[in-house]
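Visitor: I would like to learn how to read a protein fold. Could you walk me through one, step by step?

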Amino acid sequence: MVHVRLFGLFRLDSGLKELYAEVESVKELYPILLAEARKRRPETTVTARDIDGCVVLVNGKQSKKSARLCDGDEVMLMSPVCGG
């Protein structure tokens, strides 16, 4: 089981803070995250493209979306922020 924590605009728009999932890669999380976001907040505008644009950290280290995951890993997804 992988612990997933969400941050930034993705978290605000979807209403998701965290969840647990049985997956083998970060990419496998996408449909699970979208389904859960729509379940919690049907009016959400979050898409797979939004998730794909997130910065991914696995166990505190920046990682690729193709990264393999192991039982007990913590995945953090942070949507990019801009401003000035």
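Guide: Here are some questions and answers about this structure.

Guide: This is a predicted model, where local features need pLDDT of at least 70, side-chain atom pairs count only at pLDDT 80 or more, and totals for chains, interfaces and linings use all residues. Residues are numbered from 1 along each chain as its sequence is written, and side-chain values use heavy atoms, with hydrogens and water left out.

Visitor: What is the order of the strands in the open sheet?

Guide: Helices (H or I, at least four residues) and strands (E, at least two) are DSSP runs, numbered from the N terminus. Two strands pair if DSSP finds at least two bridges between them. With mixed pairing, the five strands of the open sheet have the order β2-β1-β5-β3-β4.

Visitor: Which strands have one side left without a neighbour in the sheet?

Guide: Look at the edges of the sheet, where a strand has a single partner strand. One side is therefore left without a neighbour there, and the strands concerned are β2 and β4 (61–62).

Visitor: Do β1 and β5 run parallel or antiparallel?

Guide: Strands of a sheet pair through backbone hydrogen bonds, in either direction. On one side, β1 is joined to β2 by four bridges, and these two run antiparallel; His3 there has Tyr20 as its bridge partner in β2. Between β1 and β5 there are five bridges, with Arg5 partnered by Met76 in β5. The direction of β1 and β5 is parallel.

Visitor: What is the bridge partner of Val55 in β5?

Guide: β3 and β5 run antiparallel and are joined by four bridges. In β5, the partner of Val55 is Met78.

Visitor: At about what angle does α2 run to β2?

Guide: Axes are lines fitted to C-alpha atoms, for helices over the stretch in contact (heavy atoms within 4.5 Å). Angles run from 0 to 180 degrees between N-to-C directions. α2 lies across β1, β2 and β5, and its angle to β2 is about 135°.

Visitor: How many residues apart in sequence are the parts tied together by Glu24 and Arg68?

Guide: A salt bridge is a side-chain nitrogen of Lys or Arg within 4 Å of a carboxyl oxygen of Asp or Glu. Glu24 and Arg68 form one, with their closest N and O atoms 2.9 Å apart. Glu24 lies in the loop between β2 and α2, and Arg68 in the loop between β4 and β5, so the parts tied together are 44 residues apart.

Visitor: Is Glu36 buried or exposed?

Guide: Glu36 forms a salt bridge with Arg40, and both lie in helix α2, four residues apart, about one turn of the helix. Arg40 is partly exposed at 48% relative accessibility. Glu36 has 18%, so it counts as buried.

Methods:
Buried < 20%, exposed > 50% of the residue type's maximum accessible area, 1.4 Å probe, protein only.
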